[in-house]
Amino acid sequence: MIEVSDLTVRLGGVTALDSMSVNFVQGTCGLIGPNGAGKTTFFNVLSGFVRPVGGSVRAYGEDLLGMVHFRRARWGLRRSFQTEQAIEQLSVFDNVAMIHEHSRLSRASRRQEVLDAISFVGLEIDPQAKVATLGAAQRRLVEVARAVVGEPRLVLLDEPAAGLPDEETEHLSGVIKAIPGHTGALVILVDHDMSLVSACCGATAVLDFGTVIASGPTGEVLRDEKVMRAYLGTEEIV
Amino acid sequence: MDAASLEGTARPSLSPRGLDARTFVRPAVIVALLAFVLFALPALLSLYYVDALTQVAIYAIVALGLGLLAGRVGLVSLGQAAVLALGAWVAARLLFATALPFPIVLLLAGLVTMALGTVVGLPALRLSGLYLALITLMLAGAITVVLATTNFPNGGHGFLGYNSNALHTPAMRRPTIASSDPAFFRYSVIVGALMFLLALVHVRTRPGRAWAAIRQSEAAARAAGINTTLYKLWAFALASFVTGVAGGLLAGSSRYLYSIDFPTQASITLLAVVLMGGIFSLWGAIVAALLLQLLPALLNSWGVSPDWLTILFGIGVLQVLTTAPAGLVDQVPKDLARVGRLLSGVARRRARTGESTP
């Protein structure tokens, strides 16, 4: 359970998040909104890259914002980036092992748990292959494997399907849906692909100009008039 | 695809790491190479080239330190020659002031330089790229200025250990087992090999993975739970430690040290050869040291001024930056393979034309 209340972020003169309040309860939750709505800013606050001017984020009762950024991974926070960030110089195995070695888990089971994560995302390649030699879809899966290893509690996926062909997106959607059951983590999925969001997310929140304008079961939220207006604009303008 | 089938997918077959032939061949080749360098080279070469190769061994360690910073962590330092001078100064002071065994002096020189070099690395926590290069260059300049006024110890008293009235300065001592030049060459190679091993252990394990992450993206590294401050300072500490040890070897090899031997621009030349050698492979450091120390010795013996090397290195860096970012260590084997294919192609064609003409 992630409780966000009155979260406000100002970047220069822009109010990127304006008293954002929402609860993410369990499973895979969607976070959608037009470009510039503040979705990535929200993730950056959770990661500790951006300091909010006000508000709080409680994750399973703990104050997430009070933690130093690099400690949050140890706590169980994982994230993928809009431009994927699997480490090119390292092998697939080392990419995933790196996350495990900065988690709370013991070294003894590392090898097995890393291989489990790689097979969980359905990467059927040699774990010793360098990431630099992989294609875009495989790199995304490496990132997801990094996100599920080492007992994560909160997984943030920032447009994981961006630029992927339909077939790969479908595979990825199956993996994302399986993360909560496999790891017990809560997943927040940001994506512009509404069919991916509807397929993966039981509940969805919609951000517009830094404020949550709707939240609830994904089907209802997507039919909400305010949401339609946020995406398509108002009639007067049209 | 649902969750159950995902979890049930066949795991990719994994050959247990370390059991294929290559993992045995590689160390064997390295050991053979090391044996050749240790035993055959001093016997085959004149003292002139043995001395030049001692410098190569020492500067390979310095290049190793800079290669780690630039290639693994992405931190470009233009102050490494000054860090080397610090190590040499500390070693010289200890050699004159104490009767400590030489390996202990090397270790202490490494540790003291590590502490000082980490301070040099502090700006790296905030700066990178051009600004870090500039700041480290200025620091190197400052160290050069300080050394020019304090001078290297020459057996005098006090903290600085410098006696400006000395008519006869005693030579710096060497380890008893390595007092001759060929023996000191072997000693330097062994110390160098240990430093390379130390670097290899770092690169292959947790710090190496953390550095690779930092090099690609600091934000992603932090999101992966990496304390970027700690690992960047760790990189500077390791680079400074090995450079300090190299400084200790330098004190023993040259026996007399002068501040004029450590100009600020030496750091720039050092970066140039390290880039040319290749910053992504530890072997690149050896190539860099050969360029920096053996090439001038060769030119000297041929009667050509080594000053020409500045121009050559300039062209070399240009070539590496534009066409071969992984340096000579990556490019030369590829070029050789290409030449080999070309030659075998020519030979085959000739053989075929030879068959057709009776």
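Predicted model: local features only at pLDDT ≥ 70, side-chain atom pairs only at ≥ 80, totals over all residues.
Me: Why is Arg139(A) called buried?

Reply: Buried means under 20% relative accessible area, exposed over 50%, and partly exposed in between (1.4 Å probe, protein chains only). Arg139(A) has 13% relative accessibility, so the residue counts as buried. Its salt-bridge partner is Glu88(A), at 3.1 Å from N to O. Glu88(A) lies in the loop between β6 (77–79) and α3 (92–101) of chain A, and Arg139(A) in helix α5 (residues 136–148) of chain A, so the pair ties together parts 51 residues apart in sequence. Helices (H or I, at least four residues) and strands (E, at least two) are DSSP runs, numbered from the N terminus. Glu88(A), at 36%, counts as partly exposed.

Me: How do you know whether Glu225(A) is buried or exposed?

Reply: Its relative accessibility is 58%, so Glu225(A) counts as exposed. Glu225(A) forms a salt bridge with Arg229(A), with the closest N and O atoms 3.3 Å apart. The two residues are four apart in helix α9 (residues 225–232) of chain A, and therefore about one helical turn separates them.

Me: Which residues of chain A and chain B are joined into one network by salt bridges that share partners?

Reply: The network consists of Asp94(A), Glu101(A), Arg110(A) and Arg209(B).

Me: How many residues of chain A are in contact with chain B, and what area is buried between the chains?

Reply: Contact means heavy atoms within 4.5 Å, and 36 residues of chain A are in contact with 29 residues of chain B. Buried area is the accessible area (1.4 Å probe) that two parts lose on being put together, summed over both. Between chain A and chain B this area is about 3,100 Å², of which carbon and sulfur atoms give 58%. Phe70(A), Gln89(A) and His102(A) supply 20% of the area that chain A buries against chain B, more than any other three residues.

Terms used:
Residues numbered from 1 in each chain as written. Chains lettered and ligands numbered in written order. Heavy atoms only, no water. Salt bridge = Lys/Arg side-chain N within 4 Å of Asp/Glu carboxyl O.
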